[in-house]
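Have the structure open as you read along.

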Amino acid sequence: MNVDRITEKLNILADAAKYDVSCASSGSKRKNENKGLGNASNGICHSYTEDGRCVSLLKILLTNHCIFDCAYCVSRKSNDIQRAAFTVQEVVDLTINFYRRNYIEGLFLSSGIFKDADYTMERLVRIAKKLRTEHKFNGYIHLKSIPGASDELMNEAGLYADRLSVNLEMPTEAGLKLLAPDKNQADMIKPMGYLKNAIIQRTEEKKLFKKAPIFAPAGQSTQVIIGATPENDSQILRSASYFYKNFNLKRVYYSGYVPVLADSRLPALNTSVPMVRENRLYQADWLMRFYGFKVNEIVNDSQPHLDLDIDPKLGWAIRNMQAFPVNINQADVQMILRVPGIGLLSAQKIVSARKFGKLNWEQLKKMGVALNRAKYFITCNSTEFERRDLTGNNIKQFILATSQSKYLKNTQVQLNLF
Amino acid sequence: MMTTLIYDGTFEGLLTSVFEVYDRKLNLVNLQKTGQDNNALFEDKLQVITDDERANRVLKGLKQKISSMGLQRLYAAHLAEMDGEENSLLGYIRYAFDAGQNIEENYGNKFVMRISEMVRMVRREKHRMEAFVRFQKLKDETFYAAIEPDFNVLPLLIRHFKSRYADQKWIIYDIRRKYGIYYNLHDTQYISLDFANVSKPGDIVAAFTEDEEIYQHLWKNYFTSVNIPSRKNTRLHVRHIPKRYWKHLTEKI
């Protein structure tokens, strides 16, 4: 093996793939039943980069040669960068050898589009097939579906991959047209629709015939880039909600745009990455998927952007003070989940523990409730509780004053001079 | 009067101690492991002699009181060998016996909550080891990894690594507790290694296969390539991988 050449390719093709933020290796249930190599179930983050993101999969492009010229993408045709391409065998060897050393959970393979969609997709599928059949590899495989690839290839991809994803790239069709004139959203939605139906159909078959093959057991996901185009949070989250509902997506990833290219259509090169906004979008996404919130409770026409200073659950609570205080010892779990500072695990503990006796502040604290936020919104087995008639805005100020935000707070001081 | 019970640190010893508490109708009890006694003057001291029959009787009784899942959690909390937590374990078991109903989910109780925290700490450490083990391929095709977990989680790792790496021989060695697991393609067994002849850990490099160095090099390169400098967030990085784990992580050495 030519170590220098492989190293160079790996550097180029890992660097080009890193703006794809999807990292999940969970949700599959591939067992190691053939005494082969690996399994895939709950997902493990094997390392973390210095920017704090999880490294779970060997995430690379097969090649960064591309016939498209999308403004936001480092690999765009008109960008003057070093190009490289892996052979099928090289990707297989890297995957197997990294996996055997417990560096990774599996492979995340994407690619620039060379020649045409099917030609590219066929190469990706060939790698997954080789890993599964020749190397008895049962680790996690995430393949990108190339927009415009044929149903036959998508079907084959589903037989070998755990997860498939098509990136929507921009939250709206208008955004896509602006930055990627060669692409159209219909090409992206078509394979998503095919996969959705195929996954449903295969799951039904699996129920009837135990030996029916598993098909993309970890489902499909997508990614949208945020901050490159002028969409507001309401548009982004509505779009996410639409795809969750209509395409059974497992995840929508939000990728804060990293300015890598000078282009008049894009934010300037010295613009900072919208990391806080990205974080708030993920929090809102979690509220939709796990906490029973509807998208228009989080953002709507009068509230088109998420508040960057506070998390969206707290934001909802201070806009809906009439719903509080919640009595921890009586309220149903759906309402407890809506209290700022109470997460899924603490809510579960509260509901279990209160069967044994009424809970007080001390016990709630021990269970992991963040009282600095929750105390304004709940009562429990104690005569002490927030008696002042605080407005939502008062509460926001109190919480911001006492909390150490993980981000630099925007200045909250509002001087009432006049 | 406070009675101090001293036991040998085994699970059977813990259960025997429970037997003593009920047999002698003790009320105020301080449980300690052998070797950590503090010679307080005004207390009764009792050396618990581990007795399998008594331990089994307690175990049988305990199974009537808590679920098998609850018992597994208790065992995992014990296995962790956290210093000074003997009384949490004993307190939990006594509470389980004394209560009229199953108390596993009564998180308002301090013992139940503490055991739940301990289990969470142990599981997190177990999960970290599943992530942070870095195998190095030796000339005889065995994959070797050294770890130094905060708690004694090695026994909890067997199932995961055995099902994942079914087709390669591997050793995971806890160098702090001086024992390891060896998988020989069929079964796993506990082993202890004699490092007397290896003066420096670097000497073990001589036993690596030729391509070991290449893949370590490629992995380090990969790790650097996927970083996005404009998103640098050292605090988050260190929170995810605390520094004490770095010395066994190929990409952080």
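Chain B falls into domain 1 (3-124) and domain 2 (133-252), with domain bounds taken from an automatic or database domain assignment. Please keep in mind that this is a predicted model, in which local features need pLDDT of at least 70 and side-chain atom pairs count only at pLDDT 80 or more, while totals for chains, interfaces and linings use all residues. Residues are numbered from 1 along each chain as its sequence is written, and chains are lettered from A and ligands numbered from 1 in the order in which they are written.

**The two domains of chain B**

- The C-alpha centres of domain 1 of chain B and domain 2 of chain B are 34 Å apart.
- Seven residues from domain 1 of chain B and five residues from domain 2 of chain B make up the contact, where two residues are in contact if their C-beta atoms, placed from the backbone, lie within 7 Å.
- On the domain 1 side of this contact in chain B, helix H3 (68-79) and helix H5 (110-132) each provide at least two residues; helices (H or I, at least four residues) and strands (E, at least two) are DSSP runs, numbered from the N terminus.
- That side of domain 1 of chain B has six nonpolar residues, no polar ones and one charged. Here Ala, Val, Leu, Ile, Met, Phe, Trp, Tyr, Cys and Pro count as nonpolar, Asp, Glu, Lys and Arg as charged, and the others, Gly among them, as polar.

**A sheet in chain B**

- Three strands of chain B make an open, parallel sheet in the order S2-S1-S3; two strands pair if DSSP finds at least two bridges between them.
- At the edges are strand S2 (29-33) and strand S3 (44-47) of chain B, each pairing on one side only.
- On average, neighbouring strands of this sheet are turned by 25° against each other, direction ignored.
- Strand S1 (residues 3-7) of chain B runs parallel to S2(B) and is joined to it by five bridges; among the residues involved, Thr3(B) has Val29(B) as its bridge partner.
- Helix H1 (residues 11-23) of chain B lies across S1, S2 and S3 of chain B, at about 150° to S1(B). Axes are lines fitted to C-alpha atoms, for helices over the stretch in contact, and angles run from 0 to 180 degrees between N-to-C directions.

**The two domains of chain A**

- Chain A also has a domain 1 (3-298) and a domain 2 (312-402), and their C-alpha centres lie 38 Å apart.
- In chain A, nine residues of domain 1 touch seven residues of domain 2.
- Helix H8 (275-290) and helix H9 (295-298) of chain A are the elements giving two or more residues to the domain 1 side, and H8(A) has the largest share with five residues.
- By class, this side of domain 1 of chain A holds five nonpolar, two polar and two charged residues.

**Where chain A meets chain B**

- The contact between the chains takes 44 residues from chain A and 38 residues from chain B.
- H1(A) contributes the largest share of the chain A side, seven residues.
- The chain A side divides into 19 nonpolar, 15 polar and 10 charged residues.

**Confidence in chain A**

- Chain A has a mean pLDDT of 91, with 96% of its residues at 70 or more; pLDDT is the predictor's confidence in each residue, from 0 to 100.
- Residues 408-418 of chain A have pLDDT below 50, and this stretch has six contacts in the model beyond near neighbours in sequence.
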